[in-house]
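This briefing describes a protein model for a reader with a computational background. Please consult the sequence and the coordinates alongside the text.

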Amino acid sequence: MWSLSNWRRRRTLAKHPVTEETWQRVRHQLSFLDGISAEEDQWLREACVLFLHDKHLTALPGVELHQEQRLLLAAQAQLPLMHLGELNWYQGFHEIVLYPDDFLSPQRYRDASGIEHEWDGEHSGEAWPQGPIILAWDGVLASGGWEGYNLVIHELAHKLDMLNGDANGLPPLHADMRVSDWADAMQQAFDDLDRQLDQNPDAETLIDPYAAENPAEFFAVTSEYFFSAPDLLHQAYPRCMNSSKRSTARTRWPGCGNFRPKIRSIRRHTKVSTTLVTWHQRSNMPIIAATFWSIRPVIWSTNGGTAQ
């Protein structure tokens, strides 16, 4: 049966072909795609073209974008959507702004006494409700391996999280997943990481300590690990890794499609952005809500966005 959406899809793919040589160069830079099948590879290739047709990439001075670089970003953005169907998951934003390096972003919060504090934070990425994604290009280039770091997936995980309202660590779940099971697994893991860092702010945790900032960041960081260091996520918090049911031997992540992460047992070196607030600073910042992963929205930032 003819449909306008299918016609537009075929037309877009025909107008923007990706040669096999170009695609293989992109794949060579993204080792964390090693576990996908030939059919999934074909889907990802086409999904990248459609994503780049739908989103505008704004490259600021110092960033040069050619087809290969654009595909490199798009492949990382589309991987979490594999097998989810064409449901416009990345709705609500049309632009990705690319800085050459970490960038300064105005920040503010109001403390318990009502005094408002303002400063310029150095960030590698930001995601805003109904706003653009902002990425540091060097962070994009550093992503795609098995190191437990992926800036693109991190920020787009925030966008998936925001589909339910505020970013609070509760993204849309698969139909066969119970909110209570997901909340319990994530809450226990979050509390454990928080406890480790309370006991020793310099503890060498299995996952990036930035995940302890709040539930939204915990979901974004564990999304990175699900795709780029699944062995570490399973070692640290197996219930998070297994909180979703398994289907045809594929591990499923809420907000993400079916994916077979290739388990690697190598030593990881967590890359922590220079933008991160230290644990001492974090413990002194106000938390505006105390309900984690509940059905009610949790607001963790007075400015409404998330940053890394």
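The notes below go from overall composition to the core, helix packing and selected residues.

The model is predicted: local features need pLDDT of at least 70, side-chain atom pairs count only at pLDDT 80 or more, and totals for chains, interfaces and linings use all residues. Residues are numbered from 1 along each chain as its sequence is written, and side-chain values use heavy atoms, with hydrogens and water left out.

**Overall composition**

- The protein has 11 helices and 9 strands, where helices (H or I, at least four residues) and strands (E, at least two) are DSSP runs numbered from the N terminus.
- Of the 308 residues in the protein, 51% are buried; buried means under 20% relative accessible area, exposed over 50%, and partly exposed in between (1.4 Å probe, protein chains only).
- Among contacts between residues at least 6 apart in sequence, 70% join residues at least 24 apart, a contact being heavy atoms within 4.5 Å.

**Nonpolar core**

- The largest nonpolar core contains 71 residues, and Ile96, Leu135 and Phe218 have the most contacts inside it.
- Helix H8 (residues 215-228) supplies the largest share of this core, 8 residues.
- A nonpolar core is a set of buried Ala, Val, Leu, Ile, Met, Phe, Trp, Tyr and Cys residues joined through side-chain atoms within 4.5 Å.
- In soluble globular proteins, nonpolar side chains tend to be buried together.
- Leaving aside neighbours within four places in sequence, Leu135 is in contact with residues including Leu73, Ile96, Phe103, Val140, Leu151 and Glu155.

- Asn150 caps the N-terminal end of H6, placing a side-chain oxygen 3.2 Å from the backbone nitrogen of Val152.
- Glu224 is found in helix H8 and is buried, with a relative accessible area of 2%.
- The side chains of Glu224 and His154 are joined by a polar contact of 2.6 Å.
- A polar contact is a pair of N or O atoms within 3.5 Å; within protein, one must be able to donate a hydrogen and the other to accept it, and residues adjacent in sequence count only if both atoms are side-chain atoms.

**Packing of H2 and H4**

- The axes of H2 and helix H4 (residues 67-78) come within 9 Å and cross at roughly 55°.
- H2 and H4 are therefore oblique to each other, since angles under 35 degrees count as roughly parallel, over 145 as roughly antiparallel, 65 to 115 as roughly perpendicular and the rest as oblique.
- Thr22, Trp23, Arg25 and Val26 in H2 meet Gln67, Glu68, Leu71, Leu72 and Ala75 in H4.

**Loop residues**

- Pro17 lies in the loop between helix H1 (4-15) and helix H2 (20-28) and is exposed, with a relative accessible area of 56%.
- Asp208, in the loop between helix H7 (179-199) and H8, is buried at a relative accessible area of 5%, and its side chain reaches the backbone nitrogen of Tyr210 at 2.9 Å.
- Gln130 lies in the loop between strand S5 (125-127) and strand S6 (133-136) and is exposed, with a relative accessible area of 69%.
- Gln130 and Gly92 are 38 residues apart in sequence and 4.8 Å apart in space, C-alpha to C-alpha.

Methods. Axes fitted to C-alpha atoms, helices over the stretch in contact; angles between N-to-C directions.
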